[in-house]
Amino acid sequence: MRQHDSDMPTRRQDGHAAPVHVLLVEDDEVIRKSIGMVLERYGCQVSSAPDGLTGLELFREERHDLLLLDVMLPHLDGIGLCRRIRETSQVPVLMMSARGDSLDVIAGLEAGADDYIVKPVDTTVLLARIRTLMRRATFTASAPQDDGPGTDASGLLTFRNLRVDTRGLEAQVDGRPLALTPTELRLLLEFVAAPGIVLQRQTLLRSVWDYGWDGDIRVVDLAVQRLRKKIGADHIETVRGFGYKFRR
């Protein structure tokens with residue numbers, strides 16, 4: 001794997017910087033150790049597991065900031081593991097697929113993964129994806145938002161039964177708080193900041209996933225699909241051949 005000179009982000013804990021804690025679940029020992037060493041070299045704390053069930057146990061026992069899951073795992077595959085994790089947590093999840101197979105990718109994203117990377121893993125790409133996911137998670141936890149169009153002084157936006165707090169970074173449907181992943185929250189904020197405006201998939205890749213022209217638009221489509229299930233399908237309209245539009 002190629003090396004990269006960028007530093008990894010840190011999370012804040014009690015006012016101090018703390019290393020990002022990554023749970024790596026990969027059954028190939030050589031790949032598991034090599035990725036683990038790279039992540040540790042760039043300042044991450046790494047816990048690793050050789051199969052899905054062991055990974056689930058570690059996830060339940062320790063606090064992790066990001067999960068890196070292989071799709072093909074013994075006992076409990078990465079897709080099943082992601083589904084189990086999403087039952088209780090919105091922690092960022094990055095899936096690894098051996099061939100970038102469309103079915104694997106789509107199944108992983110539908111299960112709740114935020115992004116995926118193709119094996120053999122390029123270190124430069126892996127570190128970039130992790131940095132992006134951690135920035136998104138840090139943004140979700142603490143970053144204030146600029147007031148968008150129609151936002152009142154408190155930063156609250158209301159669209160029928162959907163209420164979005166752009167400062168507190170929370171959303172409710174019919175008064176019920178929504179459990180959104182960092183990616184889903186970033187996506188929702190992009191939509192509510194531009195109601196009635198068609199947002200192209202490539203635009204969303206740049207603004208939410210930090211991808212340029214070479215990003216995979218499937219991550220956008222699947223994330224929109226998941227977001228629709230949580231906020232209600234009628235809030236986001238598909239504009240065929242262009243992208244998506246948030247209804248006023």
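A crossing of two helices is called left-handed if the near helix is turned anticlockwise from the far one by less than a right angle, and right-handed if clockwise. In the predicted model described here, the crossing of helices H6 and H7 is right-handed. Residues are numbered from 1 along each chain as its sequence is written, and side-chain values use heavy atoms, with hydrogens and water left out.

The protein chain contains eight helices and 14 strands; these are DSSP runs numbered from the N terminus, helices (H or I) having at least four residues and strands (E) at least two. Of its 248 residues, 52% are buried, where buried means under 20% relative accessible area, exposed over 50% and partly exposed in between, with a 1.4 Å probe and protein chains only. Contact is defined as heavy atoms within 4.5 Å. Among contacts between residues at least 6 apart in sequence, 60% join residues at least 24 apart.

Two packed helices are described by the angle between their axes and the distance between the axes. The axes of H6 (residues 182-192) and H7 (residues 201-208) come within 10 Å and cross at roughly 125°. Such axes are lines fitted to C-alpha atoms, for helices over the stretch in contact, and angles run from 0 to 180 degrees between N-to-C directions. H6 and H7 are therefore oblique to each other, since angles under 35 degrees count as roughly parallel, over 145 as roughly antiparallel, 65 to 115 as roughly perpendicular and the rest as oblique. On the H6 side, Thr183, Arg186, Leu187, Glu190 and Phe191 meet Leu204, Ser207 and Val208 of H7. This contact comprises four nonpolar, two polar and two charged residues; Ala, Val, Leu, Ile, Met, Phe, Trp, Tyr, Cys and Pro count as nonpolar, Asp, Glu, Lys and Arg as charged, and the others, Gly among them, as polar. H6 is mostly covered, with ten of its eleven residues buried.

Leu133 belongs to helix H5 (residues 123-142) and counts as buried because its relative accessibility is 1%.

Helix H3 (residues 78-86) contains Ile79. Seven of the nine residues of H3 are buried, so this helix is largely enclosed by the rest of the structure. Its cover includes strands E3 (21-25), E5 (66-70) and E6 (93-97), together with helices H2 (52-61) and H4 (102-110). Ile79, at 10% relative accessibility, counts as buried. Outside four places in sequence, Ile79 is in contact with Val71, Met95, Asp104, Ala107, Gly108 and Ala111.

A nonpolar core is a set of buried Ala, Val, Leu, Ile, Met, Phe, Trp, Tyr and Cys residues joined through side-chain atoms within 4.5 Å. The largest such core has 56 residues, and those with the most contacts inside it are Leu69, Met95, Leu188, Phe191, Ile231 and Phe246. Helix H8 (residues 218-231) gives the most to this core, contributing seven residues. Another core, of 20 residues, lies apart from the largest one and includes Leu24, Val38, Val46 and Val121.

How values were computed: Predicted model: local features only at pLDDT ≥ 70, side-chain atom pairs only at ≥ 80, totals over all residues.
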